Amino acid sequence: MKSRMFISAIFALFTILQSFATTQVIAHRGYWDTEGSAQNSIRSLVKADSIGCYGCEFDVWITNDDVLVVNHNNDIDGLIIEKGNSKKLLKCKLPNGEFLPTLDEYLNVAKGLKVNLVLELKPHKSLERENLAVDKIIEMVKEKGLEARTCYITFSANAYKRFVAKSDLPSYFLTAVSPEKLDEMGGDGPDYHMNHYRKNPDWIETFRAKGQPMNVWTVNKTSDIQWCLDHNIDFITTNDPELTQKMIKEYVRPQNLRVMSYNLRFGQLATADSIAAEIARENPDFVALQEVDVNTQRANAPIQNGVNMVNRIAEKTGMFVHYGRTLNFAGGLYGIAILSKHPCTEFKCYELPNPKNVEPRCMILGTFALNGKQKINFACTHLDYKAKETRELQAQYILGKLAESKLPTIIGGDFNATPNEPAIHLFNEKMADVSHDAKTYPAHEPNIKIDYLFVSPDRCFEVKAKTTRPSLEKNNSDHLAIITDLLFFPDKMEASKSLVK
């Protein structure tokens with residue numbers, strides 16, 4: 001019973017973490033940096049909608065005679081909005097020639113558009129007036145039928161608490177406080193300047209674990225936009241929505257990937273150079289290697305004595321390499337490795353459960369930036385060869401570790417398990433087997449399949465081709481290499497978060 005509960009917990013976690021969200025764009029004060037537009041103008045609202053922005057952010061004040069108007073600064077043409085009369089204020093013009101818009105006019109235009117509305121109430125000197133503004137905003141948004149497309153943001157703790165208390169719509173706080181403090185205040189999440197996330201990187205995972213959407217402002221530089229994409233930020237508020245949309249589109253464009261898994265039999269009768277040549281001819285993006293020696297003195301592998309196989313193969317293929325030692329052996333190391341064309345941003349090695357205290361095994365997991373941009377996980381493992389019960393435990397452990405990441409994942413390896421074994425059933429429950437069905441061992445006359453490639457979530461991957469490949473030389477390995485060509489679709493990540501209702 002405990003084992004089943006443990007497995008269920010792993011699968012539940014996978015379900016949560018695989019609900020990816022493609023980053024969305026919010027036009028800061030509308031799309032104003034374009035011909036005929038101006039900050040917080042009705043034109044900027046229409047332009048934000050016309051280029052397909054997720055949301056349009058705009059600022060609201062209340063005049064002395066209780067009229068809600070849209071403007072960023074607390075003054076216009078020398079008139080203080082809080083103290084001013086609407087008759088005078090509404091004669092003031094924005095830089096594009098429009099008159100200062102009322103919220104009523106702004107929302108009437110928004111009714112005919114699709115863009116979501118991120119309504120910011122500016123802090124007022126009078127809390128009484130600020131409270132009146134909150135109440136009138138809530139009433140007007142409801143009256144216009146825009147509740148499904150509107151959320152509220154503010155720097156004012158007073159206004160924030162009132163929005164939370166009086167409205168059913170999502171509310172986000174602009175003043176950066178800790179996740180714990182924000183929990184005390186209520187509401188739906190943070191809407192912070194990106195510098196606060198950079199200073200407190202742990203906040204990102206905390207808010208993500210709480211299921212709270214993260215909006216970051218004001219992001220205009222390409223390096224800052226890239227930072228948000230690399231950190232899986234949900235929403236980017238920007239003065240340059242077209243640039244941001246372009247970078248997101250490039251970031252999530254489909255990519256061809258060739259992935260490979262190959263047990264090398266520690267190069268028993270083959271040189272590292274011949275193995276490297278075999279890998280190089282396939283031109284893979286990623287390779288999961290098993291049974292890789294480093295500087296050993298094996299009696300039955302004299303060709304490899306004193307050879308750092310992993311470095312030699314990396315050198316000859318021109319690929320990055322990452323090694324995971326499973327044990328010290330014959331004066332050197334024995335383990336598994338990942339070869340990659342793409343740079344690694346994070347690398348971990350996990351020792352697998354070994355209840356019978358036999359040969360230790362591990363999983364290595366790397367996070368790689370495809371062409372320096374979109375991140376993906378690639379993992380390699382080599383399961384126990386003696387007991388299927390141990391392999392099942394190892395499979396449970398691996399799935400638990402993979403579930404800790406939100407990124408798309410590929411894992412390859414020698415699983416030492418046939419397709420009908422419990423370990424493989426566990427992987428098939430939450431990952432898609434993209435390896436060829438052909439038998440892979442022993443290489444000279446294959447009669448069982450024990451080598452696999454799995455991906456998750458499968459909606460992000462399309463199999464273009466899959467095969468097994470015999471060695472260039474008869475004795476390169478006792479396993480066949482398995483190779484799969486994938487088309488990876490980052491943009492098929494499901495949008496799991498929304499700023500609005």
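Two strands pair if DSSP finds at least two bridges between them, and the strands themselves are DSSP runs (E, at least two residues), numbered from the N terminus just like the helices (H or I, at least four residues). Keep that in mind, and remember that this is a predicted model, where local features need pLDDT of at least 70, side-chain atom pairs count only at pLDDT 80 or more, and totals for chains, interfaces and linings use all residues. Residues are numbered from 1 along each chain as its sequence is written, and side-chain values use heavy atoms, with hydrogens and water left out.

Let's begin with a sheet. Strands of a sheet pair through backbone hydrogen bonds, either parallel or antiparallel. S16 pairs with strand S17 (residues 362–369) in the antiparallel sense, over seven bridges. Look for Lys-348: opposite it stands Leu-365 in S17.

Now for another open sheet of six strands, with mixed pairing and the order S14-S15-S13-S12-S23-S22. At its edges you'll find strand S14 (320–329) and strand S22 (461–469), each with a single partner strand, so one side of each is left without a neighbour in the sheet. Strand S12 (residues 255–263) and strand S13 (residues 286–294) run parallel, joined by five bridges.

What about the nonpolar cores? A nonpolar core is a set of buried Ala, Val, Leu, Ile, Met, Phe, Trp, Tyr and Cys residues joined through side-chain atoms within 4.5 Å, and buried means under 20% relative accessible area, against over 50% for exposed and in between for partly exposed (1.4 Å probe, protein chains only). The largest one has 57 residues, and Phe-58, Leu-103 and Ile-137 have the most contacts inside it. Helix H5 (residues 127–143) gives the most to this core: six residues. Leaving aside neighbours within four places in sequence, Leu-103 is in contact (heavy atoms within 4.5 Å) with residues including Phe-58, Val-60, Ile-137 and Met-140. Another core, of 23 residues, lies apart from it, with Val-259 and Leu-486 among them.

Finally, the rings. Rings of Phe, Tyr and Trp (its six-membered ring) pair if their centres lie within 6.5 Å; planes under 30 degrees apart count as stacked, over 60 as edge-to-face and the rest as tilted. The whole structure has 17 aromatic pairs. In one of them, Tyr-54 and Phe-235 are tilted, 4.9 Å centre to centre with 45 degrees between the planes. Tyr-54 is in the loop between helix H2 (42–50) and strand S2 (55–62) and Phe-235 is in strand S11 (residues 235–238), so the pair ties together parts 181 residues apart in sequence. Both residues, Tyr-54 and Phe-235, are buried.
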